[in-house]
Structure formats: C-alpha cells, structure tokens
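Hello,

Here is the structure you asked about. Please open it first, then read my notes below.

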Amino acid sequence: MTLLRAEGLHKVFGAVAAIQDLSFTVSPGTVHSIIGPNGAGKTTLFNLITGLYQPTEGRIYFEDNDITAQPPHVLARHGLSRTFQNLQIFLNMTALDNVMVGYHLQCDSRFLPSLLRFPSVTRRDAEYRERAAELMAFVGLKDYVKADASAMPYGALKRLEIARALAVQPKMLLLDEPAAGLNPAETLAIDALIQKVADRGLTVVLVEHDMRLVWAVSNRILVLNYGRKLAEGTGPEVRANPEVVAAYLGEGGRDL
Amino acid sequence: MGLWHPRTGGLLVLAAVIAILPAFLANAFYYDVIILVGINAIVCVGLNLLIGYAGQISLGHAAFFGLGAYFSAVLTGTYDWPPLAAMLSGAVAVGALSFAVARPILKLRGHYLAMGTLGLGIIISIALNREAWITGGPDGMAVPSFSVLGWEPSGDLTWYGIVGGLLLISVWLALNLVDSPVGRALRSVHGSEVAASVAGVDVISYKVLIFVVSAVLASLAGSLFAHFAGFITPDEAGFIHSIELVTMVVLGGMASTYGAIVGAAILTILPQLLTVFHDFEMLVFGGILMGTMIFMRKGLVPSLAALVTRWRR
C-alpha cells in the first residue's frame, strides 16, 4: 500500500539536471524524510510533487491517481499540502485569516452568494473561524489568534504556515525545512509538533538539515545527492551507509 | 451582529453623508462636481478590489469606463435603444471583452501586467478616436437623456440621488465580497500567489473574476456618466483618465473600500479648486501619487485609521 509513488522523475533546468531518474514511494501514516547536501534537489523534488514544477520526464501517482503536472490548487483537492523553506505568509492578513485561506476548499466561495452575503456563507465562515482558532491552538499559536501576520516573530510564522497547511486537511503534509532558522528550544518544539501531527495518522514528508530532528521523527529516510537517490531506508540503515556518511553526514554525523 | 459592527456602521455613515450633503450644495456647479465624485467613486470601489485587494495593477480601466459610455451613447443616440437596455448591453459586452483579454493579460506580473493593461487601454482609446463613423471621433458625441419606462430623471437632486444610491449599493456589494471567502482568496493572491495556490485557491481564475467585475462596474459607471453629462469624448477612455483612477485608489488607500471613495472625492474636487493650474494638472496628480508612495504607502484612510487606533491605546 503506497500513498505517493514517483517513477523515473527527471527535472532539467537548462543544462543542469536537478533530479535524475528518481523513483520512490511513501507509505501512508509514516514520516518520510528527504536529506542531502545543499543543491541535492530536495526542494526541487518538493516542487515537483506539489505541482510548482513540471517534471521533464517521469510520473507521480497519489493514491494511484496520476497527478503529474497538475497545478497546486488541484493537488490541494487531492489532499496534498506543504510549507515553504522561505516563508510564504500572507503578510497583508491576520494570522487567523492566513489559516482561513487554508480552509478555502471547505468554505463556500461561490461568487454570487458571497457578493450578496447569503447567511449560509457567513455561517459556514464563522464555523471554520472557530476551527481555525482551534488549529492555531494545536500548533501552539493560541496567543496570536488576533494578531496581524506582519506583527508575528519568525518562529511563530513557521508554525502559522504549518497550521495553514493542516487546514487544507491533507492526506500528506510536506514540510520544507520547518526548523530552519530556529533556535534549539524552538526546534525541539517543532519536533514535538511534527510528532503530534504524525500521531494523528497524517503522512508527513520532511526536508530538513537538523539531523537530530530527522533521526527523532522519521520512519524512513531518502538521501539525495546531485539529484540522484544515494540511499533509502530506516534511520539506522542510512546512518550506517558509508556513501551517505561520505557525501553528507561526515564522520561526526554518525554520533548525532 | 449589531448595528454598530464596523461594516454596517461604515455603511450608515456613508448613507448619512450622502443624505446630508445636499444641504451644503449651494448651486448646480457644486452638484455637478459631487455627482462626478460619486461616479468616479463607483469606478474606484471596483478598481480597488482589483488593485488594493487582489494586488493586480490596471492602467487601462478608463477604457472600460469609456466603452460603457460609448455603448450607451451609440445605442441610445444612433439606434434608439432604451437607455437601460443599452447600459446593460454595454456592461455585458465589456464583461465579455475583459474576460477574453484577462487570461493572457493576468498571466503577466508587475511591470508586465501594467504594460499589458496600458496597451489594452490605448488600443481601445485609439479605436474610439478613429472610428468616427460610429463614435464621432475626437469631437465626441451627444448622448440622449436617461429614461426608464417613460420616467426621465432631470434636475441635479434626482441625479444626485441616483448616483448616491448606486454608490451605496456598490460599496455594500464590495464590502460583502471583501468579507467573504472570495475576498480572502483575493487578498491571499496579493500576499503570496504560490501559497494561495497550494492552499487550493485557483489563482488565475480569481484574478480573471475580479478583473471582469471591476471592468463591468467601470462600464456601468461610464454609461451613467454619459447620460448625466449628455456629451462624451474619447478622453473619457484615455490613458490620463486611467492614471487618475489609479491615483484615486492609491491615495485613498489600497484595500480600503471607503478609502477609494475618499480618494475619488479629493482628486475630483482638487482640479476644480485648482483651475488656474489646469495645465499642470498631471504634474499635481503625479506629485500626489509619488508623495503617497513615499510618505504614506498604505494611503490616506488606512494610515489615519492606524493613527486613531494608536491614540486610543
């Protein structure tokens, strides 16, 4: 049983092959990490899966549906959601409205009922506003429910992005470096949050450089190097792989 | 939701201002200027949905205003159509045209989008100038007076009431839209297109939707203007008018529906006060646009609102 299946992915930018002949699967209910040196193609792979890039070759299946090259808003309907390495927050909106955009597919966004302010539209909106506040509490942003996104600190915005991604009610959540730029305490808290999300049965795909976090939360790890699969397996298997140690972890990495 | 919720409160204040204002309008000239304010405000309320909320620039919106005006003028004047039918046909035609051009144009971003809409506006403006056999060319054309089922609005107060009522309705609809999932989607497109699409917002469709809505509103206001003024020229559709409309939205406050009205009021009244400087009008407009961008990027109304909340604390 697989949730996501990538077959023979290639992505070429001009003369550079960012992803080459990559195949892998993600099982439902697991935390699947993607690691590798900078420029290995991790974010490119994320962008291929979430429809921001189209693969030069290869196909991607989600729940056995071919989703190759589908635009992101269609993939959201399929149950794919993500966060971004460089934050993509709606800074012109409140924190709560940021999460509400995540509920876009659940809300009544028909034009005429919205224009004429049908009670059904406002009722549904109010209902999801409560859920959005609950979701913010779930990711630890209880104190920011009424804040403007532009007035929030970096660490809180990282969580806000996760809350918005969860509001899409995905089957698979892709987190692109959720701990980047956070201090050790904040990283620990993100670690706990990812664990909490995974415990809900949600499948998580994680790109991360903080190896402590990767070892702590991952069921499976995919190692990329120069756009190719270098290794794949459980944490201990990957850690024991001499090629992975040489390319990315370094000798000290074994002990983390 | 109580009566003094910001939404309804704002609408009530606007209605009160519209109701009280005639007491201060001493003569026909004042009425002319204020009615013009109302017509410009209707266009700006729509344009603000596009520029202020969805974050898409249009430097060609006067063209839609002008098309609406000419549809009304030609259909009622040359072909004897009932004015209301002409007005609505114009709105449908402008809606169809803006829908047809929206997809390719709105795939552009930033400067390119500005250039695209600018080009569209100039093409329409040239067509109105050149096709003199329909439009009368640069000399303009006379427009029959408005009438519905035999009733002909005449007199300043009647026109004032019509424009005021329509402005109130436009503001109500705009506020509804802004405070709905559609409005949220529009603001998210402004905030981050990539994040909006990942959250399930069909970015291109929303841009097209709001472009068409604002174009149709401009067309309706154009028809209204044609009948009110009784005479129109291609200048209505020109580049300079487009810039005036954008300046009104930016000065009043982007993403502020009431700001759009304030901007329209200031920049419609100002040239009347500065008739001496008529030759320098564009200079003044350009100066105001630059000043706003440098000193008050959010525009008048949002900046003042922020000041008030700071004082209260």
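**What I found**

In chain A, residues 24 or more positions apart make up 64% of the contacts with a separation of 6 or more. Two residues are in contact if their C-beta atoms, placed from the backbone, lie within 7 Å.

This is a predicted model: local features need pLDDT of at least 70, side-chain atom pairs count only at pLDDT 80 or more, and totals for chains, interfaces and linings use all residues. Residues are numbered from 1 along each chain as its sequence is written, while chains are lettered from A and ligands numbered from 1 in the order in which they are written.

Chain A has 10 helices and 10 strands. These are DSSP runs, numbered from the N terminus: helices are H or I, at least four residues, and strands are E, at least two. The C-alpha atoms of chain A fill a box of roughly 60 × 40 × 35 Å along the principal axes.

Now the two chains. 33 residues of chain A are in contact with 23 residues of chain B. On the chain A side, helix H2 (72-78), strand E6 (80-82), helix H3 (95-102), helix H4 (111-115) and helix H5 (119-138) each give two or more residues.

Of the 256 residues of chain A, 45% count as buried. Buried means that 20 or more other C-beta atoms, placed from the backbone, lie within 10 Å of the residue's own.

Finally, look at B:Ala221. Leaving aside neighbours within four places in sequence, B:Ala221 is in contact with B:Ile39, B:Ile42, B:Val43, B:Phe65 and B:Gly68.

Best wishes

How values were computed: Buried ≥ 20, exposed ≤ 12 C-beta atoms within 10 Å, placed from the backbone.
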